[in-house]
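Me: I would like to go through some labels used for this model and see what each one rests on.

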Amino acid sequence: MKVIYLHGFASSGNSSKSHWLREQFSSSEFEFISPDLPNNPSQAITFLDNYLGGLADQKVCLIGTSLGGFFAACYGGKYCWPAVLINPLADVRDLIDSAMGENVNYATGESFVMDRDDAEALIGLSESMCKPEAPSLLLLDKGDELLDYRKAITRYGSESRVSLFAG
């Protein structure tokens with residue numbers, strides 16, 4: 001089985017979370033993959049459509065944080081793959097409202113602009129999101145400074161096993 005980690009907005013597949021997960025899976029029979037998603041959400045969606053679509057007939061488990069958690073929920077539902085959602089983005093408008101315009105990738109220092117095409121792509125994906133048919137796990141930190149865990153419970157909680165953490 002492939003375990004694919006999808007990082008959050010303005011991050012990379014080479015983040016500290018990715019390194020930690022890679023270590024956890026290093027002695028298992030699972031193949032751990034952590035691709036670099038494009039900075040722009042519209043380009044990330046195109047990348048994921050192509051990349052994950054090519055794996056549709058394989059055994060895959062998705063793990064995602066923040067925007068990557070939103071993507072893991074979307075594509076996990078689409079392909080009936082199990083997913084682990086870690087403080088996932090639940091309402092794409094929260095990201096749109098906070099990140100429209102110029103941004104900097106935390107991992108690479110690269111500047112990029114989130115524009116109306118990105119917003120429309122996120123809204124479209126959110127509106128077409130499938131309900132997961134495979135098991136999912138929702139891991140939430142009540143102290144997340146960027147994302148309201150209650151929105152994630154509302155959006156994903158009925159289809160997921162939920163674990164809440166304080167800090």
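**Helix packing and rings**

Reply: Helix H2 (residues 41-53) packs against H5 at an angle of about 50°, with the axes 7 Å apart. The model is predicted: local features need pLDDT of at least 70, side-chain atom pairs count only at pLDDT 80 or more, and totals for chains, interfaces and linings use all residues. Residues are numbered from 1 along each chain as its sequence is written, and side-chain values use heavy atoms, with hydrogens and water left out.

Me: Why is H2 called oblique to H5?

Reply: Angles under 35 degrees count as roughly parallel, over 145 as roughly antiparallel, 65 to 115 as roughly perpendicular and the rest as oblique. The angle is about 50°, so H2 is oblique to H5.

Me: What makes Ser-126 count as buried?

Reply: Buried means under 20% relative accessible area, exposed over 50%, partly exposed in between (1.4 Å probe, protein chains only). Ser-126, in helix H5 (residues 116-127), has 15% relative accessibility and therefore counts as buried. Phe-32, at 12%, counts as buried too.

Me: Why is the pair of Phe-70 and Phe-71 called tilted?

Reply: Rings of Phe, Tyr and Trp (its six-membered ring) pair if their centres lie within 6.5 Å; planes under 30 degrees apart count as stacked, over 60 as edge-to-face and the rest as tilted. The centres of Phe-70 and Phe-71 are 5.9 Å apart and the planes are at 50°, so the pair is tilted.

Notes: Helices (H or I, at least four residues) and strands (E, at least two) are DSSP runs, numbered from the N terminus. Axes are lines fitted to C-alpha atoms, for helices over the stretch in contact, and angles run from 0 to 180 degrees between N-to-C directions.
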